[in-house]
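This report walks through one protein structure, from its overall dimensions to its sheets and aromatic pairs. Please look over the sequence and the structure before reading on.

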Amino acid sequence: RAFELFNQSGLHIPGVYSCDVASKWSIHHSSSRKLQKGSFYRFTYILQCICGCDHTTGPVPTAKQQMPYDNVGCNAFIKLVVTFDSNLTRNLLAIHEISGHFGHLDACLGCKVASRDARLPLHPSIREYARSLLLKGVPGPSVYTQANTWAQAVFPPIQTAFTPDPFYRYTYVPHDTTSLYHTLKLEMGISQHSSPEGNIYIWFRPDNPSPPSPDLTATCLFYQPFVQGETDRFILVLSTPEQRQATWQHGHHKAVLADLTFGFCSARANLWILMVIDEHYRGIPVAYVIFSAKASTAHRGVHGDYNTGLLETVLSHWISGMGTNSNDEQFTPYVGITDNDTRECTAMTSLWPDISLLLRLFHTWQAWRAGLNHHIKGVPVEARGPVRSRLAWLCMRLLKDIVNYNEAKAALEQEKNHFQSLWHGATILEQKQGAGGLEFLKNLSPYLASQDMWLQWSQAGVIQVANKLGVPESKIPRTNNHLEVHNSHLKHGYFVHHQHGGQLPRVDVWVLVLVTEVVPDFF
């Protein structure tokens with residue numbers, strides 16, 4: 001009897017029973033809950049007559065009416081309670097309740113013709129084809145073109161014109177892409193109206209977390225939500241059990257690479273990636289540390305909103321989360337490979353006092369080249385070449401050839417004497433060449449201020465680290481290729497189909513995809 005009443009009333013259930021184009025019933029509110037036994041879901045729908053809906057009121061009021069029938073004050077409504085076998089397949093098992101006010105006003109019954117076109121849902125076959133394109137990473141505009149081409153081939157316009165469908169349309173429109181994006185996110189466990197920070201809290205909160213995948217719980221080593229007045233930023237330390245195992249196998253008493261990046265998600269946040277090198281000289285990411293910028297620094301760049309204390313804190317949480325090995329040892333690398341960021345270097349040496357640091361060759365040379373170009377700006381263009389060539393040759397010798405500290409200092413001193421003599425030269429051109437060279441050498445001197453500092457970037461440091469680890473010098477990475485390739489995959493590979501209209505993915509989407517799709521690719 002309930003199902004008979006359902007059909008007689010012309011009701012519909014999204015994704016189960018389609019809505020007829022002539023139907024005046026509209027779902028005003030819906031809610032669902034998972035039953036305690038099995039995978040059953042109980043849904044409650046409140047349907048209201050369109051002729052009694054005021055588009056200027058409600059949760060999302062609009063200035064322009066989009067409903068096909070005018071509002072005549074009809075107060076007909078129906079409460080519908082049903083049960084599905086699951087939230088995904090949604091096979092209807094039972095109708096528990098159909099109640100409400102079924103009678104329509106005379107003015108409503110008199111509205112036989114819609115005053116504006118009704119919005120019909122897209123045909124399921126076309127929608128599924130477009131969905132498959134989005135999953136392959138096809139951009140939204142291309143999906144629009146390809147979906148319409150496919151639809152015209154499968155459902156010729158001449159055929160649909162003679163057999164009109166009261167339930168579906170056969171033309172893909174731009175807003176269908178937005179609807180599909182919402183559907184894909186819902187399948188991942190992210191509802192349309194949820195906030196990124198709200199989802200992150202629900203997934204990782206200490207009491208009764210509710211993640212869409214159990215892998216998230218197993219991956220989280222530390223979580224600190226941003227709470228106004230209590231914490232200054234959001235922090236999340238992630239490392240899967242497989243990553244932690246790889247850390248012990250390839251990083252303990254060996255080398256760890258670190259790199260801090262930004263622009264990976266739509267949030268104002270930084271990402272610190274920690275990586276180890278396996279026996280095949282492949283980089284394996286073993287931890288991801290995400291921390292947001294402080295609200296008080298909204299006017300500044302995200303990449304500069306951190307300090308040594310913060311990096312020490314998140315690094316210590318990672319070490320604590322790693323626990324101890326069978327010998328009751330804490331995770332301790334012998335070598336740390338990073339860029340010229342003194343905050344990263346200080347954080348590492350603070351927690352691992354005996355660690356040997358190596359600055360990546362690219363970043364060191366990049367810093368020197370930028371300083372060289374800056375300091376010789378005062379030299380006329382036609383006279384810069386000899387200065388740049390001489391100083392660049394010195395830099396390359398210091399980086400790659402000289403392995404004796406005293407010899408390195410002697411080479412620096414020799415160049416100082418050369419440019420000092422130019423500075424005292426007879427012509428203005430020589431004086432400018434000398435002044436520019438001396439300024440650069442003054443900027444270079446701190447890199448040789450101590451032997452420990454010199455070892456961090458010179459070939460001698462590479463030799464020392466190779467002896468410490470018992471590996472050939474060629475197995476010590478002096479570049480950031482491992483990390484840069486991984487960063488490129490993160491920003492342009494795995495997440496390309498999560499970038500809608502070129503926008504970066506939300507941080508909750510980024511975390512979920514990272515744990516469930518990206519990391520499993522390495523193990």
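## Overall shape and burial

Of the 523 residues of the protein, 42% count as buried. The model is a predicted one, and the values below are computed from it.

The protein contains 19 helices and eleven strands. Its radius of gyration is 32 Å, whereas the globule rule gives 24 Å for 523 residues, so the protein is more spread out than a compact globule. Taken along the principal axes, the box filled by the C-alpha atoms is roughly 105 × 60 × 50 Å.

## Contacts and surface

Among contacts in the protein with a separation of 6 or more, 62% are between residues 24 or more positions apart.

Lys34 stands opposite Tyr41, which belongs to β2.

## The seven-stranded sheet

A second open sheet is built of seven strands in the order β5-β6-β9-β8-β7-β10-β11, with mixed pairing. At its edges stand β5 and β11 (356-359); each has a single partner strand, so one side of each is left without a neighbour in the sheet. The twist here averages 20 degrees from one strand to the next.

Strand β7 (residues 255-262) and strand β10 (residues 335-338) run parallel and are joined by three bridges. Val256 has Gly336 in β10 as its bridge partner. Helix α9 (residues 241-250) packs on the sheet. The strands that α9 touches are β5, β6, β7, β8 (269-277) and β9 (283-292), and the direction of the helix makes about 120 degrees with that of β9.

## Aromatic pairs

How many aromatic pairs does a search of the whole structure find? The search finds 21. In one of them, the ring centres of Tyr129 and Trp150 are 4.7 Å apart and the planes are at 10 degrees, so the pair is stacked. Tyr129 sits in helix α3 (residues 124-135) and Trp150 in helix α4 (residues 140-154), 21 residues apart, and the pair thus links distant parts of the chain. Tyr129 is partly exposed, with a relative accessible area of 23%. Trp150 is also partly exposed, with a relative accessible area of 27%.

The rings of Tyr223 and Phe234 have their centres 6.2 Å apart and their planes at 65 degrees, so this pair is edge-to-face. Tyr223 belongs to strand β5 (residues 220-224), while Phe234 is in the loop between β5 and β6 (235-238), so the pair ties together parts that are eleven residues apart in sequence. Are Tyr223 and Phe234 buried or exposed? Both Tyr223 and Phe234 are buried. Elsewhere, one aromatic cluster is formed by Trp248, Trp318, Phe331 and Trp352.

Terms used:
Residues numbered from 1 in each chain as written. Predicted model: local features only at pLDDT ≥ 70, side-chain atom pairs only at ≥ 80, totals over all residues. Heavy atoms only, no water. Pairing = 2+ DSSP bridges. Helix = DSSP H or I, 4+ residues; strand = E, 2+ residues; numbered from the N terminus. Rg over C-alpha atoms; globule rule 2.2 N^0.38 Å. Buried < 20%, exposed > 50% of the residue type's maximum accessible area, 1.4 Å probe, protein only. Contact = heavy atoms within 4.5 Å. Phe/Tyr/Trp six-rings, centres within 6.5 Å; stacked < 30°, edge-to-face > 60°. Axes fitted to C-alpha atoms, helices over the stretch in contact; angles between N-to-C directions.
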